[in-house]
Every structure is written in C-alpha cells, then in structure tokens.
Amino acid sequence: MSLDIKCLDLSTGLEDVPVSVRGISATGTRPEFVYSPDNVQGPGCTLDPSEVSLPGCSCLSHLCVTESCSCLQTHGPAYDTTGTLLNLSGSDSGYCSPVFECNALCTCSDACSNRVVQKGLRLRLEVYCTKNMGWGVQTLEAIPKGTFVCEYAGEVISFEEARRRQLAQRSAENNYIIAVREHAGTGSISETFVDPAMVGNVGRFLNHSCRPNLFMQPVRVHSVVPRLALFAARNIDAQEELMFDYSGGYSNQPPAELLPTNSANGLQAKGTGGLQRKQCHCGADNCVQFLPLDLSILN
C-alpha cells in the first residue's frame, strides 16, 4: 500500500532549515540512509574531514578585507558582501578556481563574508517524487545566480573503496559516487571520492540534467578535504527542480564530450566492465540520452 509522505524533516533537525519530504512511497517511510550535513570519514580515507588542518587569519575586525586578511591575500576573495560567489567563469571555461573560506582558527566573526558554505543549508528545499526520475529536489523559494544552495555530502572514501563499490553495484541501483580531481599546480593532481549512498545529505537526491541550474564548486573550510558545494548557475524560480551535470560540466551549452575521467585509472564507469549506462530523462533540449559515464568533475 502506498502512502503519501508530507512535511517530514528529512534532516531530523540536523539542518538549521528543515528539509521537507513530499511524495508517494511504497513503504510509507523516508528513504533509508543516515543523514549527515557534513562529509564523514569513510573506508580507506586517511584524512578526517572534520579535523581543522588549515591555517587561519588574525583579523582584528569582524569582517575580513583583502588589505589585512591573510586568507583573502593568499587565495583571493571568493564571495561578495552578500555571500554570492564572485567567480562564475567556470560556467564558460569548464574549470573552477579554488575557494578557501575563513575557518575555525580565524579570529574574524561568523558574520565575515568569507564564511558561506560552512554556515550550512539556508534555503527551503523539498525532496519529492518526480514523474520519471525517482526522488528529486526542488526549491521552495527563488534562488539568485551565484547563491550557495547545498553540499553534496557523504562518506569520503579511497579510490580502491570507490572502485569496489561501483563494481559491486547491481544494474537497478543508483551510483552516488562522485570523483573530484583538482590540479594543484606543478603537475600535481589530488583526488577526492565522496559517496552519499549510506551516509549523506539532501544533495544525494539531486538529479542529473544536461542543461543544469546548479554547478559544483569544491570549497575548503577547516580541512584540506574539500566540501562539494553546489551553487546556482542562473536565477532559479521557486518550485523548480534543482539539478546538476553528473559529468561535471559547468556550461549550459551542449557538452562536446563526456569525460570518463575515472576509467583511465581503473575506476570502472557505467557502460564498461558489464555495467550498463542508464537512460537520461532530464528532458533538456541538448540531452545526450544517457547519464554520464560516472559522477566526476575536473578542475
């Protein structure tokens, strides 16, 4: 018997703003996973995402300014005074610039404009049953371009564990694993694997679109482990479904190529090794008909 679930707080009070759930469930219960607003250390991960490992500024004022803040001088300002992301050029170039926020060791106040993602969810979001894509997320309020929407939080795992989990998946199961590759300069590349299948937040319910209204930006706060923050790629209306490009595309133009960035290193993508690619139902005019080979972004 199907039951209609309405107005439950999916986060069970862990978010400052409740995450409502609305839709039809065969069991009458919320989706089964452990809700966590933040990344957690998973199998194979040698770094604790909650550990404070980045230096802080010694600003004497409550609000940091570039002239005196070591954080802003080192990494540059990421947001304007309203908390809107400044550098949206990634939407055109396909690459993003590193974002570092002030952290727990900084002496500036919580009102500092360089503290955005760390404040957590601030928008009213709703998880609901879509017509043909299972669970999805819609916003209950208008969102201006460049606004932080939510994180894609989950277990931070090793490459080996990510590969093991992908190869163990059945064809009917969803792949939640996202692989983040970052160019750290001088030929150095760092990788982060996040899986919200068993432990995660509202971001795990975001669907893919070939013409998304969100884009992903790695943001570092207290730890060297990046938070996978999702920002509005354009002005978004209330009751609009929130979606991002699972291939990591930042552009609202048709992608020239879906990059199977993990397959070269042995993390099997859907469509290889017996894993089947799933059909895309995003409905965009530039839809490529199938979901990307894997959840990955390159920056």
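Predicted model: local features only at pLDDT ≥ 70, side-chain atom pairs only at ≥ 80, totals over all residues.
View 1. Across the whole structure, a search finds 9 aromatic pairs.

**View 2. The tilted pair of F159 and F193.** The rings of F159 and F193 form an aromatic pair that is tilted, with 5.8 Å between the centres and 55° between the planes. Because F159 lies in helix α3 (residues 159–168) and F193 in strand β11 (residues 188–200), the pair ties together parts that are 34 residues apart in sequence. F159 counts as partly exposed, at 21% relative accessibility, whereas F193, at 4%, counts as buried.

View 3. F33, Y35, W135 and F205 are linked into a cluster by ring pairs. R204 lies over the face of one member, F33, at 4.3 Å from the ring centre. The charged end of R204 also sits over the ring of Y176, at 4.6 Å from the centre of that ring.

**View 4. The hairpin of strands β6 and β7.** Strand β6 (residues 125–129) pairs with β7 in the antiparallel sense over 5 bridges, and within this pairing E126 stands opposite Q138 of β7. The hairpin has 5 residues between the strands, and G134 takes a positive phi near 70° there. Strand β7 (residues 135–139) is largely enclosed by the rest of the structure, because 4 of its 5 residues are buried.

View 5. L121 is found in the loop between β5 (99–100) and β6 and, at 4% relative accessibility, counts as buried. R122 forms a salt bridge with D16, in which the closest N and O atoms are 3.2 Å apart. As R122 lies in the loop between β5 and β6 and D16 in the loop between β1 (3–9) and β2 (20–25), this pair ties together parts that are 106 residues apart in sequence. R122 is partly exposed, with a relative accessible area of 46%, whereas D16 is exposed, with 62%.

View 6. In the structure as a whole, a search finds 11 salt bridges. E161 forms a salt bridge with R165, the closest N and O atoms being 2.8 Å apart; being 4 residues apart in helix α3, these two are separated by about one helical turn. E161 is buried, with a relative accessible area of 12%, and R165 also counts as buried, at 10%. The side chains of R170 and E173 meet in a salt bridge with 3.1 Å from N to O, in which R170 is exposed, with a relative accessible area of 60%, and E173 is partly exposed, with 28%. Salt bridges that share partners join E155, E161, R164, R165 and D195 into one network.

Methods
Residues numbered from 1 in each chain as written. Heavy atoms only, no water. Buried < 20%, exposed > 50% of the residue type's maximum accessible area, 1.4 Å probe, protein only. Pairing = 2+ DSSP bridges. Phe/Tyr/Trp six-rings, centres within 6.5 Å; stacked < 30°, edge-to-face > 60°. Lys NZ or Arg CZ within 6 Å of the ring centre and 35° of its normal. Salt bridge = Lys/Arg side-chain N within 4 Å of Asp/Glu carboxyl O.
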